[in-house]
Amino acid sequence: RPAPEKTLSFLNTKDVEDAISAIIKARRIYIHAKGAALSMAQLLKFRLTRFGLSLTILPPGSSELLKK
């Protein structure tokens, strides 16, 4: 199986739809990413901002905010 199809086989369609709905309804979206994931976070911010969504990439070292 090609990699994209294999990845899709692990996803639950209802969970993906629920996640999309939550993102669309959110007034503000915070993204936490570090290391190599930061470039993907920047791409996600760029793409979703084009749809009018408000995103903030949390600065490095802000993961302790998520632990509370």
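**Entry 1: overall fold**

I counted four helices and two strands in the chain, taking helices (H or I, at least four residues) and strands (E, at least two) as DSSP runs numbered from the N terminus. Read from the N terminus on, the elements run α-α-β-α-β-α. I note that this is a predicted model, in which local features need pLDDT of at least 70 and side-chain atom pairs count only at pLDDT 80 or more, while totals for chains, interfaces and linings use all residues. Residues are numbered from 1 along each chain as its sequence is written, and side-chain values use heavy atoms, with hydrogens and water left out.

**Entry 2: surface and contacts of the chain**

I looked up the accessible surface of the chain, which comes to about 5,900 Å², with 62% belonging to carbon and sulfur atoms. Accessible areas come from the Shrake-Rupley method with a 1.4 Å probe, and for residues only the protein chains shown count as cover. Of the 68 residues, 15% count as buried; buried means under 20% relative accessible area, exposed over 50%, and partly exposed in between (1.4 Å probe, protein chains only). I then turned to contacts (heavy atoms within 4.5 Å). Among those between residues at least 6 apart in sequence, 58% join residues at least 24 apart.

**Entry 3: helix 2**

The 13 residues of helix 2 should span 18 Å at 1.5 Å a residue, and the end C-alpha atoms are 18 Å apart, which agrees. At the start of helix 2, I found a side-chain oxygen of N12 within 2.8 Å of the backbone nitrogen of K14.

K14 also takes part in a salt bridge with D18, side chain to side chain, at 2.8 Å from N to O. A salt bridge is a side-chain nitrogen of Lys or Arg within 4 Å of a carboxyl oxygen of Asp or Glu. The structure holds one salt bridge. Both D18 and K14 lie in helix 2, four residues apart, about one turn of the helix. D18 is partly exposed, as its relative accessible area is 38%.

**Entry 4: nonpolar patch**

I located a nonpolar surface patch of about 460 Å², made by L8, L11, V16, I20 and I24. Patch residues have over 30% relative accessible area and no salt bridge; like charges are joined within 9 Å, and nonpolar side chains (Val, Leu, Ile, Met, Phe, Trp, Tyr) within 5 Å. Helix 2 (residues 13-25) gives the largest share of the nonpolar patch, three residues. I24 lies in helix 2 and counts as exposed because its relative accessibility is 56%.

**Entry 5: K45**

I found K45 in helix 3 (residues 37-49). K45 is partly exposed, with a relative accessible area of 32%. Leaving aside residues up to four places away in sequence, K45 touches I31, L55 and I57. The C-alpha atoms of K45 and I57 are separated by 7.7 Å, with the two residues 12 apart along the chain.

**Entry 6: P60**

I placed P60 in the loop between strand 2 (55-57) and helix 4 (63-66). P60 is exposed, its relative accessible area being 80%. The C-alpha atoms of P60 and H32 are separated by 8.3 Å, although these residues are 28 apart along the chain.

Methods:
Expected span 1.5 Å × (residues − 1). Polar contact = N/O pair within 3.5 Å; in protein donor to acceptor, adjacent residues only side chain to side chain.
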